[in-house]
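Subject: Structure handover and findings

Dear colleague,

Please find the structure below, followed by an account of what was found in it. I would be grateful if you could read the account with the model open beside it.

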Amino acid sequence: IISKCAHHDGDRKRVSRKDILEDYAVSTDLLGTDYIDIYMLHRDDPEVPVAVSVEVFNELHEQGKIGAFGASNWTHERICLAAAA
């Protein structure tokens, strides 16, 4: 199962701890599961440090709620920063 989170919503970019966790809850509810194999950030917000997202994903992984995480629509530079975080 792959799901995405933090899709921008009109004027709000939605790349925050709160949004990622809320999107996880919505996804698992709609999918009828408590585990997502690959959970991805849909969009980036360069104004938010990558560590914010990485910390939330690491917590979800450590809690056994996701298998892996990634990102789409991110620049190569931001992905490298996330990998180093």
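Two residues are said to be in contact, or to touch, if they have heavy atoms within 4.5 Å. The model is a predicted one, in which local features need pLDDT of at least 70 and side-chain atom pairs count only at pLDDT 80 or more, whereas totals for chains, interfaces and linings use all residues. Residues are numbered from 1 along each chain as its sequence is written, and side-chain values use heavy atoms, with hydrogens and water left out.

R43 and its surroundings

Setting aside residues up to four places away in sequence, R43 touches C5, A6, H7, H8, V15, S72, N73 and W74. R43 belongs to the loop between β2 and α2; helices (H or I, at least four residues) and strands (E, at least two) are DSSP runs, numbered from the N terminus. Its relative accessibility of 32% makes R43 partly exposed, given that buried means under 20% relative accessible area, exposed over 50%, and partly exposed in between (1.4 Å probe, protein chains only). From C-alpha to C-alpha, R43 is 8.2 Å from C5, although the two are 38 residues apart in sequence. R43 and V56 are 13 residues apart along the chain, and their C-alpha atoms are separated by 15 Å.

Apart from neighbours within four places in sequence, D45 is in contact with K13, V15 and R78.

R78 also lies over the face of W74, at 5.5 Å from the ring centre. For this, NZ of Lys or CZ of Arg must be within 6 Å of the ring centre and within 35 degrees of the ring normal.

The two cysteines

C5 is part of strand β1 (residues 2-5) and is buried, its relative accessible area being 1%. Not counting residues up to four places away in sequence, the residues that C5 touches include I20, D23, Y39, R43 and F57.

A disulfide is defined as a pair of cysteine sulfur atoms within 2.5 Å, and by this rule the count is 0. C5 is in no disulfide, as the nearest cysteine sulfur, that of C80, is 20 Å away. Seen from C80, the closest cysteine sulfur is that of C5, and the 20 Å between them is too far for a bond. C80 itself is partly exposed, at 42% relative accessibility.

Aromatic pairs

The search of the whole structure gave 3 aromatic pairs. Rings of Phe, Tyr and Trp (its six-membered ring) pair if their centres lie within 6.5 Å; planes under 30 degrees apart count as stacked, over 60 as edge-to-face and the rest as tilted.

Y24 and Y39 form an edge-to-face pair, with 5.8 Å from centre to centre and 80 degrees between the planes. Y24 lies in helix α1 (residues 17-31) and Y39 in strand β2 (residues 36-41), so this pair ties together parts that are 15 residues apart in sequence. Both Y24 and Y39 are buried.

F57 and F69 form a stacked pair, at 4.9 Å centre to centre and with 10 degrees between the planes. Because F57 is in helix α2 (residues 50-62) and F69 in strand β3 (residues 66-71), the pair ties together parts that are 12 residues apart in sequence. F57 is buried, at a relative accessible area of 2%, whereas F69 is partly exposed, at 34%. Y24, Y39, F57 and F69 are linked into a cluster by ring pairs.

Helix packing

α1 and α2 pack with their axes 9 Å apart, at an angle of about 35 degrees. The axes are lines fitted to C-alpha atoms, for helices over the stretch in contact, and angles run from 0 to 180 degrees between N-to-C directions. In the contact, α1 contributes R17, I20, L21 and Y24, and α2 contributes V52, S53, V56, F57, E59 and L60.

Backbone points

A6, in the loop between β1 and α1, has a positive phi of about 60 degrees although it is not a glycine. A6 is buried, at 0% relative accessibility. N73, in the loop between β3 and α3 (76-84), is another residue other than glycine with a positive phi, near 60 degrees. N73 is partly exposed, at 47% relative accessibility.

With kind regards
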